[in-house]
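Biologist: I have the sequence and the model open. Could we go through some pockets, contacts and backbone details together?

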Amino acid sequence: LQEIRFPADRGIAGACFTGRAVINIPDAYADPRFNQAVDRQTGYRTRNILTMPIMTKDLKGVGVIQVLNKRGGAFGRHDERRLGAFAAQAAISLENAKLFDDVLNMKNYNESILKSLSNGVITLDADRRVIKVNEAAQAILAVDQADVETKDLAAVFAADPWVSQSVDKVASTGATDLALDVDLHIGDALKSVNLSAVPLIDIKEEPIGYMLVLEDISREKRVKSTMARYMTKEVMDQLLQGGADVLGGTMQEVTILFSDIRQFTTIAERIGARETVSMLNEYFTEMVEIIFAHKGILDKYIGDAIMAVFGAPLGGPEDADHAMSVACAMIGALKRINETRLGRGQHGIEIGVGLSTGEVVAGNIGSPKRMDYTVIGDHVNLSSRLEGATKSSGTPTACSGLT
């Protein structure tokens, strides 16, 4: 089969396509629109031609159909009617093919989205039977699509009736139902998840089923979510690569920094609760950025005090230098904060900073669902006492063990 290509507005076919009209030519070589070069190229001799546009139901041209060299003479009206009927069927077939292709592309697109999602997605029909389980959901539930497909929701989550109860709420209210930090039985184990149950609505606003979205917040995600609050992304990623040994508890040499606002109680009583909160937020925002900029982690806020750690969970030779740089930068930042406060007619504040370097116990401490990464040991207490000593010494900073 030889393919012939030419622009859509050239030749007999082009004239039919652009003019949207039947072209019946009894003698092809007598019509100036006929391209004789094609015959010379193919070795075929065209005598007569009947060309019919292929039109969709909204009169959009999608192609032409052409027949050549009728036996026994030129094409007549009967031939035109027969070819017109054939062209109409061809138009329907082309539209259906295009529609099928669009539907298939949309299906593939939706499948790609479901496959790329890190959250598990389970779709149910109106009778609460499982239709689709994406790869993330299969991993969370430790099942294959075939294991749960067409099964009833209550059977899939037999050990967790709260899932069906969540869908019950969606069915009765028509609104999304959220279940946060709940336990899901996976065999003999438990997984912590956030679950969203969502109604599925068709284009006519009619309910057609339900969708469950499962977010796995088990150990790694819980740790990552928790630790993102008090360390930079770079440090957090390095920490997670270290695995359970790093988080489980280690003896490490670190530098601990304590800072505290002097005469805070007196200030708070004078300016009131609302302004106190505003002052602390302004102060903490500036100081925590300084800590992060020098590779420290924010251990905790203790009222108006800040505890920061340098060298845990991952230590380096410049940890003490970073801590001292932070102490100096905090004093400099405080001057800028006070200039702003005085410009607004507010009182300035003073701080003291204590630093101590030594061995501590570092690790994730708390309950399985509520953990904080922290350090404990004598040097934590020492840095706090050094900060307190700045009040009587009249200096903003006191340190011990820094080399």
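Biologist: Which residues line the second largest pocket?

Modeller: The lining consists of T123, L124, D125, I131, L200, I208, G209 and M211. The elements that contribute two or more residues to it are β4 (120–125) and β8 (207–216). Helices (H or I, at least four residues) and strands (E, at least two) are DSSP runs, numbered from the N terminus. A pocket here is an open set of points on a 1 Å grid over the protein atoms alone, where a 1.4 Å probe fits, with protein on both sides within 12 Å along at least five of seven lines; lining residues have an atom within 4 Å of a point.

Biologist: And what does the model rest on?

Modeller: This is a predicted model, in which local features need pLDDT of at least 70 and side-chain atom pairs count only at pLDDT 80 or more, while totals for chains, interfaces and linings use all residues. Residues are numbered from 1 along each chain as its sequence is written, and side-chain values use heavy atoms, with hydrogens and water left out.

Biologist: What volume does the second largest pocket have, and what classes line it?

Modeller: Its volume is about 330 Å³, meaning the space filled by probe spheres set on the grid points, which are joined across faces, edges and corners. Five nonpolar, two polar and one charged residues make up the lining. Ala, Val, Leu, Ile, Met, Phe, Trp, Tyr, Cys and Pro count as nonpolar, Asp, Glu, Lys and Arg as charged, and the others, Gly among them, as polar.

Biologist: Changing topic: how many salt bridges are there?

Modeller: There are ten, each defined as a side-chain nitrogen of Lys or Arg within 4 Å of a carboxyl oxygen of Asp or Glu. One of them pairs D168 with R128 at 2.4 Å, N to O. D168 lies in helix α7 (residues 161–173) and R128 in the loop between β4 and β5 (130–133), so the pair ties together parts that are 40 residues apart in sequence.

Biologist: Which parts does the E286 and R336 pair tie together?

Modeller: E286 and R336 form a salt bridge at 3.3 Å, N to O. It ties together parts that are 50 residues apart in sequence, because E286 lies in helix α12 (residues 273–293) and R336 in helix α13 (residues 319–343). E286 is partly exposed at 29%, and R336 is partly exposed at 46%.

Biologist: What about K300, which residue does it pair with?

Modeller: K300 forms a salt bridge with D299, with the closest N and O atoms 2.3 Å apart. K300 is partly exposed at 31% relative accessibility, whereas D299 is buried at 8%. Salt bridges that share partners also join E275, E282, R341 and R344 into one network.

Biologist: Now the backbone. What is the phi of R20?

Modeller: Phi of R20 is near 55°, a positive value in a residue other than glycine. Most residues other than glycine have a negative phi. R20 sits in the loop between α1 (11–19) and β1 (23–25), and its C-alpha atom is 9.0 Å from that of L59, 39 residues apart along the chain.

Biologist: Where does L59 lie?

Modeller: L59 lies in the loop between β2 (49–55) and β3 (61–68), and it is exposed, with a relative accessible area of 64%.

How values were computed:
Buried < 20%, exposed > 50% of the residue type's maximum accessible area, 1.4 Å probe, protein only.
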